[in-house]
Amino acid sequence: MTSDSSSDNKPELAKGYEFKAVEERWLAVWEKEKSFAATMDPDRESFCIVIPPPNVTGVLHVGHALNNTLQDILVRYKRMQGYNTLWVPGTDHAGIATQNVVERQLAEEGKSRHDLGREKFIERVWLWREEKGGTIINQLKRLGSSCDWDRERFTMDEGLSKAVRQVFVRLYKEGLIYKGDYIVNWCPRCHTALADDEVEHEPTNGKLYHIRYPLADGSGHLVVATTRPETMLGDTGVAVHPDDERYNNLSVMAVKLPLTERIIPIVHDHHVQREFGTGALKVTPAHDRDDYEIGQRHNLELIKIMDHHGVMNEAAGIYAGLDRFECRKKIVADLKEQGFLESIEDYQHGVGHCYRCQTVVEPITSEQWFVSVKPLADKAVAAVRDERIRLMPKTWYNTFYNWMDNIRDWCISRQIWWGHRIPAWTCEDCGQVIVEIEDPSACPACGSTKLDQETDVLDTWFSSALWPFSTLGWPDKTPELATFYPTSVLITSFDILFFWIARMMMMGLHVMDEVPFRDVYLHALIRDKDGKKMSKSTGNVIDPLEVMDTYGTDAFRFTLAAFAAQGRDIRLDEERIEGYRHFINKIWNAARFSMMHIGDSDLAALKDIDYDELALPHRWILSRTSHTVTAVREALDGYHFNEATSAIYHFVWHEFCDWYLEWIKSDLYSDDQAAAAQARAVLFTVLETVVKLIHPFTPFVSEELWSVLPGQRKSIMRELYPVANLAWEDDSAESRAELLMGIVGTIRNIRSESMIHPSAGIEAVIICHDQNKLNILEEESATVRNLTRTEKLSILPEAERPKGSAIGIYEDLEVFVPMKGLVDVEKETAKLNRDKDKLLKSLRQVEGKLANEKFLANAPEDVVAKEKEKQNTLRATLAKIEDGLTRLSELG
């Protein structure tokens, strides 16, 4: 099949929607025809999204699925609005993560990266990337992502590497990149520095140790409190607040460091929190950021007591060679033995963990490369305040401003091999540091050729920060850059607002002198149906690939969009995905029914609608169609994806399928050719609109249905997205139809609640005091009879309630259905009483369990919850039976 479908050779729709075959077929067609290729028509407005590049090590998870579904919805929507659309795909080289993957491979071979050497190891990583790195790209294609796949980028491809080097050199020469000693977050497992936002602080139940520090003259002691007693070996001072009266009259301003022979000073510093512990703070400048700042202010010595593996070094004295946590145990034991340990208390505090391997991070002094970000951050803040960049939801503005106002310099060097090697060289002879775009051959200061390149690589986020313009060809002046920069919108998870989004703002504004995107849409996290975080350890992870295999990609996509309310975490439940699979099947069946009537029709006849001659159901459905189109477009324009899906779902299921198709069946099967032609024309028009309307959300089923509709058809992507037709909007038709649907629904409810057989003919009496409504009901009485299987319908302004009637109320109207001969009261009463007895027996059993304290104490939570749910269900069912018995008693 191609996307160009002839009306003479239309494939028939299968009885059921076979999503696997449909998805495979259209993925092949789209790829063959390059359906997603960008256009650069100068006469059209442009719309561009750059994909948040997933790690090259990654596989598709529900977060990726949500993120890319929302992007694809917008891209397909804009493509159908006639925009030049470009969705740039790509992957991130993920320095630490990718190096870890390859190092694990080597470990299985009994080797390490050092056995290979840097050059051979990098070759090995590139080989892994070629073999395994395309996994997530193929999975994104499976999701239906309409990226321009011929433009796929990689953060270490030649073009992006060129951009990275140019930006680094420029920032260095502008004085915005520097190298220096500083306290950094160090991961002893990954053996590299981490930026602040790569450290995840998790509440941890730990201990707070109160330690006595003897005054240097032996006249007493101070008590300090710490959660990391092993770091005391690197203490070079104790700080107290200058206004803390407890320490105003000390006999000496120095203490003897416990377990050592060192004397360290007591200093006054306003940073000390008098309320914490005793108000005396041990100062370890080499192993704590705040202590580092205090040490700088008071010229305290830096003593590094740990190496980069988290093992105590020679400066730790007798504790050298111990792992930091083993050292903690030994220190505490020795403090207790020697009388320095005052007390230990339970203490919950935030402990920093590496975002990659979850190892506890160690603050440590190290020589690193940094970006001086304050000048860059100021530009980004100004762009947001001036609304050149909009954040959605708006609740993120204060968080953004607070973080940017307190931003620290960005540590951009990493002690690994896989990544963009820092373009800096040091002359062995004169010490000159050379930072250039091209590799230097000699020192510009002394002419020496003995140059050593920096061994560190750049933080992965450095190259990602250039993504919006580097992927469009910068630093070259490309047509893509001129057409699509700034990009239109960035859609991503809120948890990388500072990892990535803020840095793209800073780099885009500084390098391009323009914002990188106009809008930022931050979606929430996906949790399980109970609101818990998904994790493999708890077994509550939903695998998108399995879900797509089971329910179909369109059902999964529609579910994700339906749950994507701004600012609200998504509670994903497979039952809801299954529910939306039923919705896709509903659309399929509606189209199949429609094609039975319009499939062989002449296209010109199907487009021939004389609106003035249309009957009520057609005027009503066209009016609802126009209003639905408006609702969907407004929702998408405002990034309210859930509101768009809600409007589509309600219209398609409840109005088009439940009401309109039922309403017009009599016309479709009528001998009245004019009425039948009218019904076919409107049915075709609405179906065509529905298929286009759902396309951004459900691309596979919509493309399939579009291909079989009458007429010569290319891909649905080349069609214009529906626009509201104000000429169709008819308040009178909608109010008249609403009245009829209310009455029909009331009569149907009486049938159901009174247990009248669906095929049984009934009589109905409607008491209507409003003359206008009475006139409408009389004019449309045939419709009411047809839709309710009513053999006799009386519409009266006044009347007494017919004896032995069931009653229903709709607004100010009363509806009566005489029950004589329709229900065997004695038989139905006996049946309901039997059901009631069974339910009461079950309810007593459940209530007995829930009253048993032993059961409540020992049974798992989910078992107790199921019993409570069963109790509620039984009670609700009993209430319905009681209601049914009451109704039957009124008929006796």
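Here are some questions and answers about this predicted model.

User: What should I know about the numbering and the model before we start?
Analyst: Welcome! Residues are numbered from 1 along each chain as its sequence is written, and side-chain values use heavy atoms, with hydrogens and water left out. The model is predicted: local features need pLDDT of at least 70, totals for chains, interfaces and linings use all residues, and side-chain atom pairs count only at pLDDT 80 or more.

User: How many disulfides does a search of the whole structure find?
Analyst: A disulfide is a covalent bond between the sulfur atoms of two cysteines. Here the term stands for a pair of cysteine sulfur atoms within 2.5 Å. A search of the whole structure finds a count of zero.

User: Which cysteine has the sulfur nearest to that of Cys48?
Analyst: Cys48 is in no disulfide. Its relative accessibility is 1%, so Cys48 counts as buried (buried is under 20% relative accessible area, exposed over 50% and partly exposed in between, with a 1.4 Å probe and protein chains only). The nearest cysteine sulfur is 11 Å away and belongs to Cys147.

User: How many salt bridges does the structure hold?
Analyst: Side chains of opposite charge can pair when their charged atoms come close. A salt bridge is counted when a side-chain nitrogen of Lys or Arg is within 4 Å of a carboxyl oxygen of Asp or Glu. For this structure the number is 54.

User: Which residue meets Asp72 in a salt bridge?
Analyst: Look in helix 2 (residues 62-80), where the two partners are four residues apart and therefore separated by about one helical turn (helices are DSSP runs of H or I with at least four residues, strands are E runs of at least two, and both are numbered from the N terminus). Asp72 is buried, at 0% relative accessible area. The N to O distance is 2.7 Å, and the partner is Arg76.

User: Which residue forms a salt bridge with Asp346?
Analyst: The closest N and O atoms of this pair are 2.5 Å apart. Asp346 lies in strand 13 (residues 341-354) and its partner in strand 7 (residues 199-214), so the pair ties together parts 139 residues apart in sequence. Asp346 is exposed, with a relative accessible area of 59%.

User: Are Arg624 and Glu734 buried or exposed?
Analyst: Their side chains meet in a salt bridge, at 3.4 Å from N to O. The pair links distant parts of the chain, with Arg624 in helix 20 and Glu734 in helix 24 (residues 731-753), 110 residues apart. Both Arg624 and Glu734 are buried.

User: Which residues are linked with Glu23 in a network of salt bridges?
Analyst: This time the salt bridges form a network. Besides Glu23, the network includes Arg142 and Asp549.

User: Where is Glu613 placed?
Analyst: At 56% relative accessibility, Glu613 counts as exposed. Its place is the loop between helix 19 (603-606) and helix 20 (616-637).

User: What separates the C-alpha atoms of Val381 and Met506?
Analyst: Val381 lies in helix 10 (residues 374-385) and is buried, with a relative accessible area of 9%. Along the chain, Val381 and Met506 are 125 residues apart, and their C-alpha atoms are separated by 8.9 Å.
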